[in-house]
Structures are given as C-alpha cells and as structure tokens.
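Q: Please take a close look at one part of this model, the packing inside it. Walk me through the contacts there.

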Amino acid sequence: MCGLTGCWTKKADPSLRASVQTMSQTLHHRGPDAHAIWVDESQGIGLGHTRLKVIDLSEHGAQPMHSACNRYVLVFNGEIYNHHRLRTELDERGLAPAWHGHSDTEILLAGFVAWGVAATLQRAVGMFSFALWDKKERRLTLGRDRFGEKPLYYGWLGRGNSQTFVFGSELKALRAFPNFDNPINRDALALYFQYCTVPAPHSIFKDIFKLEPGHVLVLQDEGFNHRAIKIEPYWQLTDVVDKGISSPIADEIEAIELLESVLRKSVEQQSVADVPLGAFLSGGIDSSLITALMQDQSSRPIQTFTVGFDEIEFDESPYALAVAQHIGTEHHELRVTSSDALSIIPNLPEIYDEPFSDSSQIPTYFICKAARQKVTVALSGDAGDELFGGYNRYFWGKRIWNKVAWLPPVARRLLGKGISLFPVSTWDAMKNILPSHYQTTNLGDKAHKMAYRLDRVQNLDDLYRNLLMIWQEGNNLVQHSNKLPTILDDGNIVENISESEQRMMLWDSLLYLPDDILTKVDRAAMAVSLETRAPFLDHRIAEIAWKLPLHMKIRDGQGKWALRQVLHKYVPRDLIERPKAGFGIPVGSWLRDPLRDWAEDLLNRERLQSEGYLNPTLVRETWQQHLSERHDWPHHLWSVLMFQAWLDKES
C-alpha cells in the first residue's frame, strides 16, 4: 500500500521538483518505507510516490517505475492479487519484458504496455489507484479500482496559462502545491451534511474531484484544460447487476457451494504478503466468515483484532472473543473509552482530509492502530452487507412502509411526532419486550431516525434515500448553496430491478460503500501505515452475489442468508446469530457529557455567524434539543462538529 501524487503544468516551472517533493512528503503515512519522485521539467510533469513494502520488499519494487521500453512511467497504490497469473499470461504469449523482480507493479506496467490500460484492468483482480505517464504521446492516465477501495483526487489549480493539473491519493497532497487557493465548494458541503461524506465525483474544494470507481481518466497534451479530460468506465457494477438478475442461480446447494469456493479463493489470494498479516474480527457474520476461511487455510493461529466499549449496547467484543476461541486465532482486544475518543478527535480532520462524519471512524482508527502493532496487513469483512443484504434498512424499511403507506401525510407526520415524544432511553428499554424479529441494537436512535422521516417520503425508495441521509435539509443548513444531484437521484440505474431491497443494495454499493465505508477504512488504516484488504470486494464475488435471488439474501427477517449457510460450516449458529449492531460509538451520550465542552466551543453562535457557512439558528436549536434529551441528534451534530473541526484546521 502506498501514496501517489503528481502534477502537470503547461508553464515552465523551475520549482517543479520541489513542488512534487513537497506534495509527496504529505503522504509519508501511506508509505513510510521509501520515498521517491520523478520529474521531467521539459514536459512539465512530475510524479511522486511513498511506499509501504508488502510485496517484493527489494528495490525492484521501487516507484516511480519505468517500463522496459522506457516509454511509460507509473506510480501505483494498491495490490493486484492475481499478478502471478498475469505474469504467466505475459510469459506464455511472449509479451513479457526481462523481469527485474516479482512486484505486482512491474507486472501491471508490463500489462499496460502489452495490452493497453483498459484490457489490463479488466484482467486484474485487486484494489488500486495509479497514474501512468506516456512520454511519447504526452498523455496522462489515471485509474481507480472497481469498487473504490483506493482513493484518487484530481483537479485544476490556477487559471489560464498558469493552470496546473494536480492529483494524489489524498487532498493534503494537492493542497501542498504552492499557492493552492481553491475555495470551499458550498454545494458539495451541502451533500456532505446529507451523507456524512462528500460523494464522488465531488470534493470539498471547487475544481477538485474524485475519480469514480471503475473509471480511467485520460488527459492529452492537446487542449490542456478542463474540457480535454476524458473519463470512461472499464467496469460497471450496473452491468454485473443486469447480467446477474437475468440469469440467476436457482439451486440453493449449487449457490452455497459456488459462493464458498470463490470466497475461499479470494481469501487465499488476499492472504499473500511478504509481511505479517491478520484480520479484523467483530464477531458478526462478515468478519467471522472471512476470519474462519483465513484460519482454515493457515497452518498456525492468525492474529485477530477487535475493539470494545464500556457501554454494553455498543460492545461486541465478547462475541468476537467467543468466535476467536472457537476458530483458534490469536486474539487481541482493545477497549475504547470517551477519553480515547477525545484524544483522537483533534487528529480526525488531518486523517480524513476533508469533512467526514461517520462516527465509527473513531473505533476504526483504534482497531487499525492496535492491528498495526502486530501486523502490516489486515483483512476485513467490508461489503458483505451491501452485496448480501445485511443492513437493517433493507427489511425494516419495507416492514414499516407497508404499515404506514396507507396513511395520509398528515397522519404520518403525527405518528412521527408521537414516536419522538418518547426519549431514546425509553425505546431502548422497550427493545426486550418486542418480538424477536423486531429487536435491534440502538432501537431508540433508529426509532427517532424513522420518526423524523415519516412525513418526508412518498414511497419506499423515498424512505430508503431519507434513511441514508442525515440532514435532509442540507441546503437549508449550508448558506448560499445549491442542490447537486447524486447517484440516488438517477432512477435509470435501478429501473430494471423490481425488488426494493435489491435497489437499496445497488444504491448502497455505488454511494455508501465507496464514499463512506471504504473511505473510513482507508484513511484510518493509512494513518497508521496499515494495509487493509476486503475479500468480499473481489469482483467475482459481486458477480455471484447478484446472481442470487433475493430469498437467498434475505429470509425470515434476516439478511445474508447465503453467507450464514457458509459460515455455519465453520462457526456454530449460537455464536453469531444475534441482532445486527453495526460498528458505532455512543456519540450521543458522549456529547452530553465528556465531549460537551469541546462541542460547545465549536457550536458557538458567534463563531458560526462569523464563519458564514452554516445556519446558526438551525445548528443551535438542534444542539439544545439534544442536550435537553427531548430529541437525540448524534449524527446531525457529529456532522456539524466534524466540519467545524476541519474548518478550524484549515484556518
């Protein structure tokens, strides 16, 4: 795992080398083992790279890397899990250069030369971002993996003849370019307050963007400007979905056997490293399955890691321990307290680089920090929910909508107000008297969240969109902002999907997964120089997942039916069958007590007014309601606080 950056300018710049060096240094945490740059001042191009050595620890894996023909220069971040197969194919077809080492970077670059970029990426299995410079054609190509595990920002600085094209693994690298002065994009900021993250292709700054997953960007020397950029997909999940739905697997036994076989292969490929390797283990379905398959293929106990909380309703560590003991791993547990959270909060704006407010960023950081003390690579269970129907909203949403859809909007509004009259603590206390299929962790938070949305939706898809959003009135919160469309506004994406649950899964895979989940894990892990891998994100597993009919994902009020059938071969049902908890922290109660002074300072009315970004009245009303416990607004307030903390760092 590494960090990459670079720039291309049309105007002669004698400080180009120094600029690329400065940009590269900001990414030291992504690659602490080696730093290098390559600059061609005559062509105005520079590439920078920081390396975390995982495969081929020798200098033969060093970057920027030049092709054997010396036409291309590559900087690469990520892993190509099937690089040995690609090397064999190049050898057998007589297309291989004289190999210097065994790094996946060298093999990928040889593929680009032999087959072209798109054809090579379609062959590759992995997670990555890269920048490829063609010296002959004066052409820059950027690329990103299919699901967006590895980030890549790009954009323009300056105007006219002074314009510079910049790119990098994190925004901090772009911001390090001299005289960066791109203003905050208020429209993108409004999106952030809806989704807790700025969704691709936008970024928090004007004229700076994220390359979307599964796409390549090409910038040619001719017409060096915004309009000259060409961005095209080399792989699209929507194509996989259409193909899967049109040719489903009907036989359950066949489906389970195929799923287990491909999962085992993915875990096997992603368990290869020249450095120590372990796994995150929460005790839930996804991480337990990945860990079980990983341990089953290992001759010695693997290292597993989890975090725990003093607040019982958020603490899954006992379940993780039970699974670890059954599987036989060497297990490590870290306790996270409010004091720990307070200690890392000042660093979150630097770690996440642009506003980001999924509060599970805190335990994610701590589990990565704990893992890095023992291993360099950790496997996770990310993407199991999106591919196999794991989120509560997939089945809760439909149940609730079916019960209230017949009510007129006024009645739904009154029902929502009635639900919100009961404090979160009352709903949490009621959990144990509800039927088992209605039980869920953090019931009070979910009840208030649902109540808030009941008078804002017209159909089930509307309900899903609202459940995914935090501040529905993002443009009311952010002053002088306009609404930007997202993938959720494009009905064409799901027009061929008849089942609402499947539509939700696709939308989640296209927005929530890359822009929230994978962003959270990448930044937290890279902050401590840990490489994370997600076996579920092998695109061949996605192909199988979308061939499974809905009843093989959601059955009897539970998600991930198919994954459970595989897991039950390795772990007893009673160790993992419980309500889904998620990976959250008790941020609501922490804001009322240990984090209150910190929050009050950032939410000061005069401060909000002088900054001029947010509606002070709306923010203060929400804060006072939360403090009084009349309503619970942890997610709304955390999003404001993370922006305020980020803004404080920027000033």
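A: Contact here means heavy atoms within 4.5 Å. The model is predicted, so local features need pLDDT of at least 70, side-chain atom pairs count only at pLDDT 80 or more, and totals for chains, interfaces and linings use all residues. Residues are numbered from 1 along each chain as its sequence is written, and side-chain values use heavy atoms, with hydrogens and water left out.

Start at Phe-388. Leaving aside neighbours within four places in sequence, Phe-388 is in contact with Leu-259, Met-505, Phe-536, Ile-541, Ala-545, Leu-548, Lys-553, Gly-559, Lys-560 and Leu-563.

Phe-388 belongs to the largest nonpolar core, which has 108 residues. A nonpolar core is a set of buried Ala, Val, Leu, Ile, Met, Phe, Trp, Tyr and Cys residues joined through side-chain atoms within 4.5 Å. Buried means under 20% relative accessible area, exposed over 50%, and partly exposed in between, with a 1.4 Å probe and protein chains only. Phe-130, Phe-388 and Phe-536 touch the most other members of this core. Its largest share, ten residues, comes from helix α21 (residues 500-527). Helices are DSSP runs (H or I, at least four residues), numbered from the N terminus.

Ile-541 leads on to Ser-266. Not counting residues up to four places away in sequence, Ser-266 touches Pro-535, Asp-538 and Ile-541. Ser-266 sits in helix α8 (residues 252-270). Its relative accessible area is 1%, so Ser-266 is buried.

Now back to α21. Helix α13 (residues 361-372) packs against α21 at an angle of about 40°, with the axes 8 Å apart. Axes are lines fitted to C-alpha atoms, for helices over the stretch in contact, and angles run from 0 to 180 degrees between N-to-C directions. The two helices, α13 and α21, are therefore oblique to each other. Angles under 35 degrees count as roughly parallel, over 145 as roughly antiparallel, 65 to 115 as roughly perpendicular, and the rest as oblique.

Which residues meet between α13 and α21? From α13 come Gln-361, Thr-364, Tyr-365 and Cys-368. From α21 come Lys-520, Val-521, Ala-524, Ala-525 and Ala-527. By class, this contact of α13 with α21 has six nonpolar, two polar and one charged residues. Ala, Val, Leu, Ile, Met, Phe, Trp, Tyr, Cys and Pro count as nonpolar, Asp, Glu, Lys and Arg as charged, and the others, Gly among them, as polar.
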